[in-house]
Amino acid sequence: MEHQQSGKIAVLTSGGDAPGMNPALRAVVRTALDHGVEVVAVSEGFEGLVAGGDHYQTMSWDSVGGILHRGGTVIGTARSDEFLTQEGRQRASRNLIASNISKLIVIGGDGSMTGAAALASEWAENVAALGERGDISADQAAAHSELDVVGLVGSIDNDMHGTDMTIGADTALHRITEAVDTIGSTATSHQRTFVVEVMGRRCGYLAVMGGIATGADWILIPERPPADDNWEEIMCERLRSGRQAGRRDSIVIVAEGAQDRHGKPITSTYVREALEKGMEEEVRLTILGHMQRGGAPSSFDRTMGTLLGHAAVCEVTSQDTSHLPVVIGMRNNRITTTPLVECVARAGEVTTAVNDRDTERAMALRSPSFSESLSTLMTLLRSLPHPPQPEQRRLRIAVINAGAPAPGMNTATRAAVRLGLDAGHVMFGVHNGIRGLIRGDVDELGWMSVRGWAGAGGSELGTSRKIPNGQECYAIARTIEELKIDALLMIGGWSGYQAMHRIFARRDSYPAFSIPIMCLPASINNNLPGSEMSIGADTALNNIVGVVDKIKQSAVATRRCFVVEVMGRYCGYLALMSGIGTGAERVYLNEEGVTLADMQADLNHLVDGFKQGKRLGLMIRNETANSVYTTPFMAALFEEECGDLFEVRTAILGHLQQGGNPSPFDRIQATRLAKHCIEALIQEAERGTVGARYIGFANGKVETFSLEDLPRMVDTDRQRPREQWWMDLRPIARLLAQPGPSTAERESGEGD
Ligand code: ATP
């Protein structure tokens with residue numbers, strides 16, 4: 001059935017607040033206005049929906065300015081008992097109809113999705129009842145025969161079917177990672193044990209991913225209770241043996257809903273007591289609590305909130321809305337829709353499985369990557385690897401970092417080394433990239449050699465941008481032969497890929513090069529083929545977004561325009577995504593180039609905006625957007641042409657983008673990719689095949705590609721893949737950052 005109803009869009013945030021709700025709200029409001037549809041924000045969630053009156057506020061373009069970086073939700077959220085009753089929902093329906101609203105976008109957790117589903121499913125019944133009672137007129141009833149509902153999952157728990165990530169979960173992982181990294185440094189100094197409680201009543205996502213990201217030593221989650229009744233003894237014994245093996249601290253992460261196999265809650269206080277008894281040392285407990293919800297949303301949550309908010313409006317305003325209600329989520333890095341009832345039913349099944357301690361079912365209902373991550377974590381947190389099998393052929397696998405340093409290289413190296421050792425093989429680390437391979441600067445690495453590397457930025461092994469020439473290839477072949485290397489894992493960026501391709505291409509001349517080779521993408525530039533996201537890019541984006549937030553704050557008192565230059569070489573990924581995350585009004589990319597006419601048009605927009613009261617302008621440019629129209633040139637041009645209307649400042653962010661500890665996302669992806677690489681190398685070497693490949697996340701799956709095809713897949717001069725998926729996001733970035741239909745009434749613009 002096709003139908004399109006006129007009527008406004010309402011948007012609300014409900015349940016627990018989650019960072020990223022504001023970017024979603026901003027995108028909903030601005031996309032709706034861009035589509036020519038009026039939009040109403042309902043404050044205090046379903047409570048406001050039921051109460052009506054002032055809770056319904058018509059939104060303008062500027063009413064969502066300056067909120068991208070703010071945590072929580074600016075329109076408030078609440079839990080509503082009234083909405084749990086049909087009577088309450090009828091009142092909400094009456095208010096919606098009275099305000100001529102026929103489309104509703106709900107941003108909240110599983111409870112909120114259940115509420116939205118209830119409202120949608122009984123809409124016709126409620127409209128009839130309201131009509132019979134005379135609460136609405138016959139015309140109103142006829143005009144509002146349908147309510148188009150879309151749900152966006154905003155919840156830090158990441159516990160909802162229909163999306164790989166919920167809005168807020170990535171930011172919560174940032175908070176957990178920062179806290180555990182900080183606790184880890186004091187725990188190491190004092191040789192202490194720390195118990196850290198994280199959120200997650202029915203979902204161990206934050207605990208498992210937080211555990212991977214921080215290199216935790218033990219975890220307890222709701223979905224998989226410990227298998228044994230004496231789990232306390234086992235935990236203490238494992239932690240003690242970790243200490244004996246050289247660990248200076250022990251970190252135990254407990255999800256708030258952890259339980260034993262009889263359904264008895266495992267509280268963090270109980271874990272502390274058990275550890276104090278078993279470890280005979282001081283044990284400290286930190287309950288992270290609401291800190292996990294707080295603070296500015298991460299770059300990922302800003303982008304995801306923005307894309308989902310935009311998609312929600314496109315759904316409710318589309319010609320055919322017969323498939324609604326749906327949940328709009330992100331699966332395999334792409335926007336997807338799933339029927340709302342299916343998502344709600346699945347959430348109910350998970351609750352039942354967890355309450356029944358049906359481990360198999362509870363794990364099966366989670367995404368496959370959750371189970372995979374849990375099993376990887378259980379290996380990485382071992383105090384020692386499994387001993388090799390008696391008859392096993394022990395492969396000799398070398399790990400090398402190459403190209404510019406990228407946050408996450410150490411995480412990937414640690415995971416590769418430990419997973420290789422646990423599978424019974426001998427692991428080597430090459431120092432200083434290809435130079436080390438030329439010089440034979442290679443060491444055997446043990447389990448504890450990579451201790452503390454999970455969260456460390458930079459490259460502990462050392463890296464270089466060297467691409468070997470003919471003679472150097474000879475030296476590399478000698479190193480491989482002398483050390484009897486059976487397989488090689490290269491973790492690195494553009495020059496690392498080029499170096500591995502050269503080694504691969506010289507196989508005819510050097511038989512030593514006929515070993516399995518894997519390239520793992522690690523570069524902040526995100527300019528590598530085969531992978532939608534390379535390790536390090538998310539950290540760089542968070543660094544950029546964090547700094548730009550501060551720059552914007554610094555400019556509030558003055559009328560200023562900033563031209564911010566970001567890295568990326570010839571790839572505009574960092575520029576575009578940070579533009580979305582910070583609300584820049586213009587992003588300059590090498591892919592598009594910059595002309596004098598572009599700059600003239602942008603200047604005109606700026607002048608118009610500032611004349612109408614705008615206080616801040618933000619332009620983000622990629623470092624190679626145009627080699628003649630440089631950042632200082634652009635700033636000088638704007639400054640000269642704008643007269644006294646505003647000042648122009650430049651900020652060239654430089655190497656701070658590459659620095660710092662890796663973001664949780666980079667740590668998690670690095671670990672996943674390292675696992676796949678090591679497994680592939682082992683399989684190839686055991687089979688006697690010598691594939692040379694690069695790996696990546698493409699379409700949400702881990703895929704590998706032959707190094708032979710590398711030249712075909714990239715634009716060698718521009719050092720970037722021929723196809724870049726994120727280029728499709730440019731129209732959305734432009735739409736949200738444009739001055740907006742209400743510029744004329746603008747009282748005080750906020751730059752975003
Ligand atoms: P979080 O994931 O942060 O807990 P949530 O959306 O799950 O967020 P809840 O408190 O469970 O938070 O739900 C929010 C609101 O949704 C409730 O206060 C209630 O008004 C509504 N709601 C929840 N369950 C139902 C239901 N079964 N029927 C109708 N409304 C519901």
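## A buried tyrosine and its ring partner

Tyrosine 510 is buried, with a relative accessible area of 17% (buried means under 20% relative accessible area, exposed over 50% and partly exposed in between, using a 1.4 Å probe and protein chains only). Phenylalanine 513 also counts as buried, at 0% relative accessibility. Before going further, please note that this is a predicted model, in which local features need pLDDT of at least 70, side-chain atom pairs count only at pLDDT 80 or more, and totals for chains, interfaces and linings use all residues. Residues are numbered from 1 along each chain as its sequence is written, and side-chain values use heavy atoms, with hydrogens and water left out.

## Aromatic pairs

The structure holds 10 aromatic pairs. Here, rings of Phe, Tyr and Trp (its six-membered ring) pair if their centres lie within 6.5 Å; planes under 30 degrees apart are stacked, over 60 edge-to-face, and the rest tilted. One of the pairs joins phenylalanine 46 and phenylalanine 83, which are stacked at 3.9 Å centre to centre with 5 degrees between the planes. Phenylalanine 46 belongs to helix α2 (residues 45-51) and phenylalanine 83 to the loop between β3 (56-58) and α3 (86-98), so this pair ties together parts 37 residues apart in sequence. Both phenylalanine 46 and phenylalanine 83 are buried. Tyrosine 510 and phenylalanine 513 form a tilted pair, with 5.1 Å centre to centre and 50 degrees between the planes.

Elsewhere, ring pairs link Tyr497, Tyr694 and Phe705 into a cluster.

## Strand β15

Six of the six residues of strand β15 (residues 487-492) are buried, so this strand is largely enclosed by the rest of the structure. Helices (H or I, at least four residues) and strands (E, at least two) are DSSP runs, numbered from the N terminus. In a regular strand the side chains alternate between the two faces of the sheet. Both faces of β15 are covered, with Ala487, Leu489 and Ile491 buried on one side and Leu488, Met490 and Gly492 buried on the other.

Two strands pair if DSSP finds at least two bridges between them. β15 pairs with strand β12 (residues 396-402) in the parallel sense over six bridges, and valine 399 stands opposite leucine 489 in β15. Strand β16 (residues 517-521) also runs parallel to β15, joined by five bridges; glycine 492 stands opposite proline 521 in β16.

## The largest pocket

About 990 Å³ of space lies in the largest pocket. On a 1 Å grid over the protein atoms alone, a pocket is an open set of points with protein on both sides within 12 Å along at least five of seven lines, while a cavity is a set where a 1.4 Å probe fits but cannot get out; lining residues have an atom within 4 Å of a point. The pocket is lined by 38 residues, of which Asp164, Met165, Ser367, Ser369 and Arg672 lie nearest its centre. Helix α23 gives the most to this lining, with five residues.

## The largest cavity

The structure holds four cavities of 30 Å³ or more, and about 60 Å³ of space lies in the largest cavity. Among its lining residues are Arg26, Thr306 and Ile580. The largest share of the lining, three residues, comes from α25.

Conventions:
Grid points are joined across faces, edges and corners, and a volume is the space filled by probe spheres set on the points.
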